[in-house]
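Thank you all for coming.

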Amino acid sequence: MKQRKASTDSDPGPRLQRLNEYLERNFPDFFAEARFQVGDDDYFLYARFGQYLARTIEQNRATGKVINRGFTLLNRMARASARSPSIRQMLVSGPLEYIVDAPKARALAQKRLSAEAQGYLESLCE
């Protein structure tokens, strides 16, 4: 019999790939520009996404649909972070850091993020 890998594996592998696919499918212009600028570095990709989401919320440049998709991605990251410390690190030190620094984005995040993602957000506020 083959032995299975532990589910608490630190390799983000397929979980991160699914997040990248969601990001590319729902934010194609952002994804293409960010990949051009940062290459294959996922940490910078998600940090840029947090910066992009916070800025568009602060400047009232995004539709409700775009904002919902952005928070859906962050909620998916929070769910995936339960099994992958590297995704948790990307979420906390990337997108959530930019949202904490933007008052409108932080207020909106407190309404739209999952309980798990809100916990990470609150840990940054302390």
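This is a predicted model: local features need pLDDT of at least 70, side-chain atom pairs count only at pLDDT 80 or more; totals for chains, interfaces and linings use all residues.

Residues are numbered from 1 along each chain as its sequence is written, and side-chain values use heavy atoms, with hydrogens and water left out.

On confidence, pLDDT is the predictor's own score for each residue, from 0 to 100; the protein chain averages 87, and 90% of the residues score at least 70. Please be careful with residues 1-10, where pLDDT stays under 50 and where the model has 10 contacts beyond four places in sequence, a contact being heavy atoms within 4.5 Å.

Now to the core. A nonpolar core here is a set of buried Ala, Val, Leu, Ile, Met, Phe, Trp, Tyr and Cys residues joined through side-chain atoms within 4.5 Å, and buried means under 20% relative accessible area, exposed over 50% and partly exposed in between, with a 1.4 Å probe and protein chains only. The largest such core has 37 residues, and those with the most contacts inside it are Leu23, Tyr46, Phe71, Leu74 and Ile99. At least two residues of this core come from each of H1 (13-26), H2 (28-38), H3, H4 (64-81), H5 (85-93), H6 (95-100), H7 (103-112) and H8 (115-125), where helices are DSSP runs of H or I with at least four residues, numbered from the N terminus. Helix H4 gives the largest share, 7 residues.

Staying with H4, its 18 residues should span 26 Å at 1.5 Å a residue, and the end C-alpha atoms are 25 Å apart, which agrees; the expected span is 1.5 Å times one less than the number of residues. Its buried residues include Phe71 and Leu74, and the cover over the buried residues of H4 includes H1, H3, H5, H6, H7 and H8. Leu74, leaving aside neighbours within four places in sequence, is in contact with Phe49, Leu53, Leu91, Pro95, Leu96, Ile99 and Leu113.

At the N-terminal end, Asp41 caps H3, with a side-chain oxygen 3.1 Å from the backbone nitrogen of Tyr43, and H3 is followed by Asn60, whose phi is positive, near 50°.

How are the rings of Phe49 and Tyr52 arranged relative to each other? The search of the whole structure finds 5 aromatic pairs, and this one is tilted, at 6.1 Å centre to centre with 40° between the planes; rings of Phe, Tyr and Trp (its six-membered ring) pair if their centres lie within 6.5 Å, with planes under 30 degrees apart counted as stacked, over 60 as edge-to-face and the rest as tilted. Both residues lie in H3, 3 residues apart, about one turn of the helix. Phe49 counts as buried because its relative accessibility is 0%, whereas Tyr52 is partly exposed at 21%. Ring pairs link Phe27, Phe30, Phe49 and Tyr52 into a cluster.

Finally, Ala117 in helix H8 is buried, with a relative accessible area of 0%. Beyond four places in sequence, Ala117 is in contact with Asn75, Ala78 and Leu96, and its C-alpha atom is separated by 8.1 Å from that of Arg79, 38 residues apart along the chain.

Conventions:
A polar contact is a pair of N or O atoms within 3.5 Å; within protein, one must be able to donate a hydrogen and the other to accept it, and residues adjacent in sequence count only if both atoms are side-chain atoms.
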